Amino acid sequence: MGGPSSISYTWVKWNPPDIGWTKLNTNGSVHASSHRAACGGVFRNHHGNFLLAFAYPLPFVSVLEAELLAVLNGLELAWTRKYTQISVELDSASALRLIQFGCKNTHALFDTVRRIQQPVNLDWTVRFDHVFREANQLS
C-alpha cells in the first residue's frame with residue numbers, strides 16, 4: 001500500500017476587482033426539459049458594491065452559447081455605462097477559451113465569439129478570468 005493520502009481544500013469566494021475596475025460576473029443557463037434558456041450578469045465596483053444587474057431570456061440555445069451571450073450582453077451594457085476597466089469573470093472554461101483564442105469561421109458560435117472580441121478592441125481595458133461556480137453564484 002502507498003503512503004497516507006492527503007486532502008487539500010481551497011477556499012473559493014468572490015473577490016472584488018482592483019481599485020478603479022468594475023467586475024462583471026456572468027452566467028448562462030439552459031433548462032433542457034422546458035426548452036428555456038437565459039443569461040445574466042452583475043456589475044460591482046472595487047468595494048464590492050452592487051452597480052447593475054441584467055437578465056435576458058434567450059431562445060433555446062446550448063449552455064455554451066448562453067454563457068457567451070451573457071458575456072456579450074454584459075460587455076454591451078458596460079460600454080453604454082462607460083465602464084472603462086472591466087474584469088469579466090465566468091465559470092465556463094470552454095466559453096473563456098473561445099473568447100481568448102477564437103474559433104474557425106465554420107464553428108457554430110463564430111459570429112457570437114467575433115461579436116465579443118470586437119468590443120474588446122475599443123478604447124477600454126477588458127480582461128477575462130475563469131472562476132469556479134461557487135465564486136460566481138450571485139450572477
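Trainee: Which residue takes a positive phi in the hairpin of strand 2 and strand 3?

Mentor: That is Gly48, with a positive phi near 85 degrees, in a hairpin that has 5 residues between the strands; bear in mind that this is a predicted model.

Trainee: And how do strand 2 and strand 3 pair?

Mentor: They run in the antiparallel sense over 8 bridges, and within that pairing Arg44 stands opposite Phe50 in strand 3.

Trainee: What about strand 1 and strand 2, how many bridges join those?

Mentor: Strand 1, residues 22-31, is joined to strand 2 by 9 bridges, and the two run antiparallel, with Ser29 standing opposite Ala38 in strand 2. They form a hairpin with 4 residues between them, where His35 in the turn has a positive phi of about 55 degrees.

Trainee: Why is strand 2 largely enclosed by the rest of the structure?

Mentor: Because 7 of its 9 residues are buried, and here buried means under 20% relative accessible area.

Trainee: Switching topic to the largest nonpolar core: which residues touch the most other members?

Mentor: Val88 and Phe128 do, in a core of 31 residues. Several elements each supply at least two residues of this core, among them strand 2 (36-44), strand 4 (85-90), helix 3 (110-120) and strand 5 (125-130), while the largest share, 9 residues, comes from helix 1.

Note on methods
Residues are numbered from 1 along each chain as its sequence is written. This is a predicted model: local features need pLDDT of at least 70, side-chain atom pairs count only at pLDDT 80 or more; totals for chains, interfaces and linings use all residues. Side-chain values use heavy atoms; hydrogens and water are left out. A nonpolar core is a set of buried Ala, Val, Leu, Ile, Met, Phe, Trp, Tyr and Cys residues joined through side-chain atoms within 4.5 Å. Buried means under 20% relative accessible area, exposed over 50%, partly exposed in between (1.4 Å probe, protein chains only). Two strands pair if DSSP finds at least two bridges between them.
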